Amino acid sequence: CNHFFGVLFMFSPAMTQSALGCYRLHCQNTRAPMNAKVAAWLRKLSGSDEAVDTLNLSHFQLNKGELAALLETLRSPALSQKLCNVASLTFNHGGLTDDQGVLIVQLAACLPTLQVLEMMGNSLADCTAAALAALLSQQRCPSPASSEDAPTGSEGLSRVKLGDNQIGDAGACLLACALRGNRTVVQLQLGNNRIGDKGVVALAQALGSNTTLSTLGLRGNCFGATGHTALASLLSQASTLTTLQLRGRPLAAE
């Protein structure tokens, strides 16, 4: 490839001006040189005083072994202190398989301040959804102290974007179970997956008792009248859900 792919690290505004900015690693003709450069940069980072608050690895095409090696490096003791303030983790359009999605969720679980997780435009399916559901089930309480600009769920994931993947009813049902008790997620994007009536009904029933989620994206899925009826019933309740995205158009709840 002849252009920059996104291994992009953005730094905290509290850092000095020289540290503000981003590092871009050029994608070489083969994966090996690119991976060597990534590993070298991460080793360099481990010896610096720079704090990372955003990890954007979109379009970062790796096989399972290469991804596992990268994530192992990110979880190493040398880097864990540098990543203790990471708020956003992005792996969009990286050709990720379902197994790789599970690995990334495992990394997300190791980032105590993570609020935004994006894995859009991959081939993630129900195993990734299951891993994410397990993580969300553990994140039940938002932080009591948060600024007006901070997401409602400021201790744990607040925004999860999994659009354009292959998540089906089984994965949607697992996420629904997790959302029943979760009090951190305010936005969940599941558009353009493979969710049918069963998965949508499970989500609608779960959100009836959820007091945090305000935006749910379901456009481009394969549910029919049964799913639409369940969603209409949800919107008629005193739910915190204010935006439901269907058929490419957001519908605001009254």
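1. Salt bridges come to two in this predicted model, where a salt bridge is a side-chain nitrogen of Lys or Arg within 4 Å of a carboxyl oxygen of Asp or Glu. A word on the ground rules: residues are numbered from 1 along each chain as its sequence is written. The model being predicted, local features need pLDDT of at least 70 and side-chain atom pairs count only at pLDDT 80 or more, while totals for chains, interfaces and linings use all residues; side-chain values use heavy atoms, with hydrogens and water left out.

2. One of the two bridges joins the side chains of Lys64 and Asp99, at 3.7 Å from N to O. The pair links distant parts of the chain, with Lys64 in helix H2 and Asp99 in helix H4, 35 residues apart. Helices here are DSSP runs of H or I with at least four residues, strands are E runs of at least two, and both are numbered from the N terminus. Lys64 counts as partly exposed because its relative accessibility is 44%, and Asp99 is partly exposed too, at 41%. The cut-offs are under 20% relative accessible area for buried, over 50% for exposed and partly exposed in between, with a 1.4 Å probe and protein chains only.

3. Lys161 forms a salt bridge with Glu118, and their closest N and O atoms are 3.9 Å apart. Lys161 lies in strand S6 and Glu118 in strand S5, so this pair ties together parts that are 43 residues apart in sequence.

4. Helix H4 covers residues 98-109, twelve residues in all, and reaches 17 Å from its first C-alpha to its last, close to the 16 Å expected. That expectation is 1.5 Å times one less than the number of residues. The buried residues of H4 include Leu103, Ile104, Val105 and Leu107. Its buried residues pack against helix H2 (64-74), strand S4 (88-90), strand S5 (116-118) and helix H5 (126-138).

5. Strand S3 (residues 52-56) is mostly covered, with four of its five residues buried. S3 and S4 run parallel and are joined by three bridges; strands pair if DSSP finds at least two bridges between them. Leu55 stands opposite Leu89 in S4.

6. Most residues other than glycine have a negative phi. Leaving aside residues up to four places away in sequence, Asp164 touches Met120, Gly121, Asn122, Gly191, Asn192 and Asn193, a contact being heavy atoms within 4.5 Å.

7. Asn192 is in the loop between strand S7 (187-189) and helix H7 (197-207). Its side chain makes a polar contact with that of Asp164 at 3.3 Å. A polar contact is a pair of N or O atoms within 3.5 Å; within protein, one must be able to donate a hydrogen and the other to accept it, and residues adjacent in sequence count only if both atoms are side-chain atoms. Phi of Asn192 is also positive, near 55°.

8. On confidence, the chain averages a pLDDT of 78, and 72% of the residues score at least 70; pLDDT is the predictor's confidence in each residue, from 0 to 100. It stays under 50 over residues 1-34, for which the model has 76 contacts beyond four places in sequence. Over residues 143-154 the pLDDT is below 50 as well, and that stretch has 18 contacts beyond near neighbours in sequence.
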